[in-house]
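Let's take a walk through a protein model together. Have the sequence and the 3D view open as you read.

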Amino acid sequence: MKLVFLGPPGAGKGTVAEKAQKDLAVPHVSTGEIFRAAVKNGTPLGLRVKAVIESGALVPDELTIELVRERLGQGDAKSGWILDGFPRTIPQADALEGFDPPDRVVDFELGDPAIVERLSGRRTCPACGRSFHVKFMPPAKAGICDSCGGTLITREDDRIEAIQRRLSAYRAQTAPLIQYYRGKGRLLTVDASPEADAVYAAFLGLPGMNKR
Ligand code: AP5
Ligand code: MG
């Protein structure tokens with residue numbers, strides 16, 4: 001199964017993908033996580049994209065397309081994947097059609113007030129990448145990652161100015177992909193507004209999502 005997760009920032013794509021990679025037995029490929037890991041490790045890619053992702057703007061298409069093409073060519077991605085955060089522009093979607101088209105595209109729908117509440121309350125573990133929420137998914141011990149014991153932080157792009165920029169980028173560059181994939185007959189939709197377990201159950205109930 002080759003799945004693209006579409007939806008505005010904070011809709012819960014990463015939260016669903018973390019669980020789904022186990023249930024569907026395919027790797028979770030998040031371009032945002034790849035970029036954040038590169039920034040944290042100070043690699044040449046990280047130095048190149050740091051300012052862009054922290055501001056909430058999009059990384060240039062050519063760079064992102066090449067990164068995904070290379071990642072999907074790796075052995076663990078041969079029989080399927082969940083792409084979370086890619087494609088995010090029409091040129092990225094056209095490129096993906098050329099080298100590895102998705103079987104289905106799941107659009108997670110959420111309104112702006114909920115987006116802002118989810119992003120401003122998110123806390124992320126820089127060590128293992130897991131996300132929590134101060135109100136909706138609090139860790140057992142405040143400020144500490146349940147999975148690895150790391151100290152939770154607020155992502156630079158979860159500050160209010162960056163959230164607004166991400167929402168603008170989403171509307172202008174990513175939302176047109178809904179129509180793009182609907183036109184290809186591959187779009188599925190999930191209401192992302194209920195609590196996380198209900199969203200996940202709705203996702204697993206979509207056609208073709210067979211648990212392994
Ligand atoms: P990326 O990391 O992809 O960020 P994003 O799309 O803005 O999405 P988020 O990760 O913020 O949200 P999410 O939908 O995964 O929500 P989550 O599950 O965490 O990209 C970051 C940046 O990298 C971009 O801005 C760009 O610069 C660059 N980039 C990445 N891909 C690119 C590309 N293809 N092209 C160009 N640039 C690219 O949930 C959010 C919060 O809500 C969490 O706290 C969670 O605990 C909570 N939550 C989740 N579900 C629920 C629920 N049902 N109820 C209540 N709370 C919930
Ligand atoms: Mg995410």
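## Ground rules

This is a predicted model, so to speak a computed one: local features need pLDDT of at least 70, side-chain atom pairs count only at pLDDT 80 or more, and totals for chains, interfaces and linings use all residues. Residues are numbered from 1 along each chain as its sequence is written, chains are lettered from A and ligands numbered from 1 in the order in which they are written, and side-chain values use heavy atoms, with hydrogens and water left out.

## Around ligand 1

Ligand 1 has 34 residues around it, and the ones that come nearest are Thr 15, Ala 57, Arg 88, Arg 122 and Arg 166. To count as near, a residue needs a heavy atom within 4 Å of the molecule. Sorted by class, this shell holds 15 nonpolar, 10 polar and 9 charged residues. Here Ala, Val, Leu, Ile, Met, Phe, Trp, Tyr, Cys and Pro are nonpolar, Asp, Glu, Lys and Arg are charged, and the others, Gly among them, are polar.

Which element gives the largest share of the shell? That's helix 2, with 4 residues. Elements supplying at least two residues each include helix 1 (13–23), strand 6 (131–133) and helix 9 (196–204). Helices (H or I, at least four residues) and strands (E, at least two) are DSSP runs, numbered from the N terminus.

A polar backbone atom of Phe 132 is 2.8 Å from one ligand oxygen, and for a side-chain N or O atom of Arg 155 the distance is 3.3 Å. Taken alone, ligand 1 exposes 1000 Å², and the protein buries 96% of that (Shrake-Rupley method, 1.4 Å probe).

## Val 116 in helix 6

Val 116 sits in helix 6, residues 112–120. Skipping neighbours within four places in sequence, Val 116 is in contact (heavy atoms within 4.5 Å) with Ile 160, Ile 163 and Leu 167. Its C-alpha is 9.0 Å from that of Pro 9, which is 107 residues away along the chain.

Terms used:
Polar contact = N/O pair within 3.5 Å; in protein donor to acceptor, adjacent residues only side chain to side chain.
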